[in-house]
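Please open the model in your viewer and keep the sequence panel beside it. The stops below say what to select next and what is to be found there.

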Amino acid sequence: VLPSPEGPVPSVSITEIRQYLRAQGIPFHDGYSCLHTPSLFTSGREAQPPLPATGAPYTLFIDKTTGSFLCTATLAEGTWQDFQANVELRHRGIPPASSEEPEEDMRRAREDARCVWDRALPLWELLDEDETNKTKAMFGISLVTDATLKRFGVRYLRTAKSLVFPWFSPRDATLKGLKLVRVEKKGDAIAYVEETLPRFDSYRNLFGLPLIGRRDTELVLTGWELDALALHQATGVASLALPRGATCLPPALLPYLEQFKRITLWLGEDLRSWEAAKLFARKLSLKRCSLVRPGDLQPRPLEALNQGLNLTKILRAALPASHKSIVSFRQLREEVFGELVNTEQVAGVKWARFPELNKLLKGHRRGELTIFTGPTGSGKTTFISEYALDLCMQGVCTLWGSFEINNVRLAKIMLTQFATQRLEDQLELYDEWADRFEDLPLYFMTFHGQQNIKTVIDTMQHAVYMYDITHVVVDNLQFMMGHEHLSVDR
């Protein structure tokens with residue numbers, strides 16, 4: 001739920017952050033999406049120098065958009081206010097607390113992950129070659145060599161028929177979590193089902209990070225672990241996989257991407273991945289990003305490897321993310337062709353539950369405003385919560401601003417629609433459905449009744465940056481504005 005109940009997150013501008021660091025005498029340099037400073041947390045517990053010495057390595061990263069910080073050496077993190085509080089403590093000679101113990105849930109998740117990891121077998125050590133080959137064929141990775149699987153530490157859990165991808169701490173290589181991927185056949189199509197430990201909102205694994213060297217300056221970001229394997233094997237370039245594919249790029253991961261001068265985003269083979277790549281490039285700083293345009297000859301990396309395409313050539317053909325202010329048709333030519341080839345996808349994300357609505361609106365498209373009107377009690381909220389849930393279940397990150405009914409009631413309606421049954425009569429099923437519902441990319445604003453428009457817009461912008469929101473629902477406009485100023489053009 002956003003923002004925290006204490007009120008909206010106080011926003012801080014990059015100018016204020018720079019002024020504060022200069023005033024405190026903290027050296028810093030300007031990175032792509034973060035400012036780099038020496039860490040307040042690395043020096044030992046002995047007498048503290050007043051502030052970091054200039055010779056110290058710059059392991060603390062301050063996000064330019066939100067002011068949150070992360071120290072990659074100690075994994076201490078917090079808000080801009082926490083950072084200032086630590087600097088104040090320093091001045092009084094009190095050493096800042098180093099990264100706190102992981103909370104109970106995280107600790108349990110790590111223990112569970114460790115148990116699963118210990119039961120899983122390295123893929124190349126299954127009973128016999130036949131089983132290994134069958135397993136590899138099932139996941140479409142017959143061409144991925146044992147050496148590559150070994151390098152990335154991929155294992156196989158026989159009981160769950162799942163591939164196991166480890167999340168190692170970049171600091172001390174301990175196991176922090178896992179992702180399990182299994183294959184489900186739906187008619188002719190096969191779907192990959194993922195599960196993470198810890199739960200997905202705390203799962204921040206850049207798969208492949210421990211293999212990155214300090215000197216690497218070029219990187220390919222993929223949307224899937226198996227793509228990272230295929231890419232590394234075929235091209236030898238440093239490649240990482242995002243924890244939730246093209247759904248979102250959590251800002252907490254940006255510090256780990258600061259060392260790269262050039263980042264190529266190759267997220268997948270559909271237009272949603274392309275849209276996501278453009279969005280992520282803005283977070284990562286457009287100047288250093290290139291994008292691989294999805295198309296028949298440029299499918300996702302694993303598919304390209306299986307089809308025998310030249311991956312190095314595809315990477316070389318990646319388009320720079322930043323277009324100049326004026327472009328000629330020649331520069332747009334490829335994009336226009338892409339839109340013509342993928343007319344279905346250009347129409348947006350289709351509703352699974354409302355085929356008739358697809359005929360009217362074509363699908364959910366970014367940058368469009370849709371207004372639903374109707375008298376009180378005609379079912380606007382009920383319909384819109386179902387309409388938003390439909391998209392959310394397909395991975396569209398959604399932010400709800402319900403100014404009329406409170407979040408608990410709204411969540412109850414949506415959970416019932418999600419479970420497609422009355423849970424009042426079967427309370428024993430509640431936890432199972434609630435767990436599944438919790439994994440949807442769905443967020444709620446905590447406002448109620450009339451609100452200052454600027455506060456609401458600020459919260460939305462914060463949510464877009466933090467959670468890559470692509471669908472915002474406001475219910476309803478009249479409540480948000482208050483009733484008395486309806487004549488004023490707002």
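A residue is called buried when its relative accessible area is under 20%, exposed when it is over 50%, and partly exposed in between, using a 1.4 Å probe and protein chains only. What you have on screen is a predicted model, in which local features need pLDDT of at least 70 and side-chain atom pairs count only at pLDDT 80 or more, while totals for chains, interfaces and linings use all residues. Residues are numbered from 1 along each chain as its sequence is written, and side-chain values use heavy atoms, with hydrogens and water left out.

**The whole chain**

Begin with everything shown as a cartoon, where 17 helices and 18 strands can be found; helices (H or I, at least four residues) and strands (E, at least two) are DSSP runs, numbered from the N terminus. Of the 490 residues of the protein, 46% count as buried. Contact means heavy atoms within 4.5 Å, and among the contacts with a separation of 6 or more, 64% join residues 24 or more positions apart.

**First stop: α1 and α2**

Select residues 14-23, which form helix α1, together with residues 80-91, which form helix α2; their axes lie 12 Å apart and the angle between them is about 10°. Axes are lines fitted to C-alpha atoms, for helices over the stretch in contact, and angles run from 0 to 180 degrees between N-to-C directions. Angles under 35 degrees count as roughly parallel, over 145 as roughly antiparallel, 65 to 115 as roughly perpendicular and the rest as oblique, and α1 and α2 are therefore roughly parallel to each other. Showing side chains, you will find I17, Y20 and L21 of α1 meeting W80, F83, Q84, V87 and E88 of α2.

Most residues other than glycine have a negative phi, and most peptide bonds are trans. Select K161 in the loop between β7 (155-157) and β8 (162-168), where phi is near 50°; K161 is exposed, with a relative accessible area of 53%. Move on to S285, in the loop between α7 (271-284) and β14 (289-291), which has a positive phi of about 85° and, at 9% relative accessibility, is buried. Then look at the peptide bond from L197 to P198, which is cis with omega near -5°; P198 belongs to the loop between β10 (189-197) and β11 (218-222).

Select residues 407-419, the 13 residues of helix α14, which reaches 18 Å from its first C-alpha to its last, close to the 18 Å expected at 1.5 Å a residue, where the expected span is 1.5 Å times one less than the number of residues. Its buried residues are N407, L410, M414, L415, Q417, F418 and A419, and they pack against α13 (380-392), β16 (398-402), α15 (430-438) and β17 (442-444). Just after α14, T420 takes a positive phi of about 50°.

The contact is made by T381, T382, S385, E386 and L389 of α13 and by L410, I413, M414, Q417 and F418 of α14.

**Last stop: H471**

Finish at H471, in strand β18 (residues 471-475). Is H471 buried or exposed? With a relative accessible area of 6%, H471 is buried. Leaving aside neighbours within four places in sequence, H471 is in contact with H364, Y387, A388, L391, V396, C397, T398 and L399.
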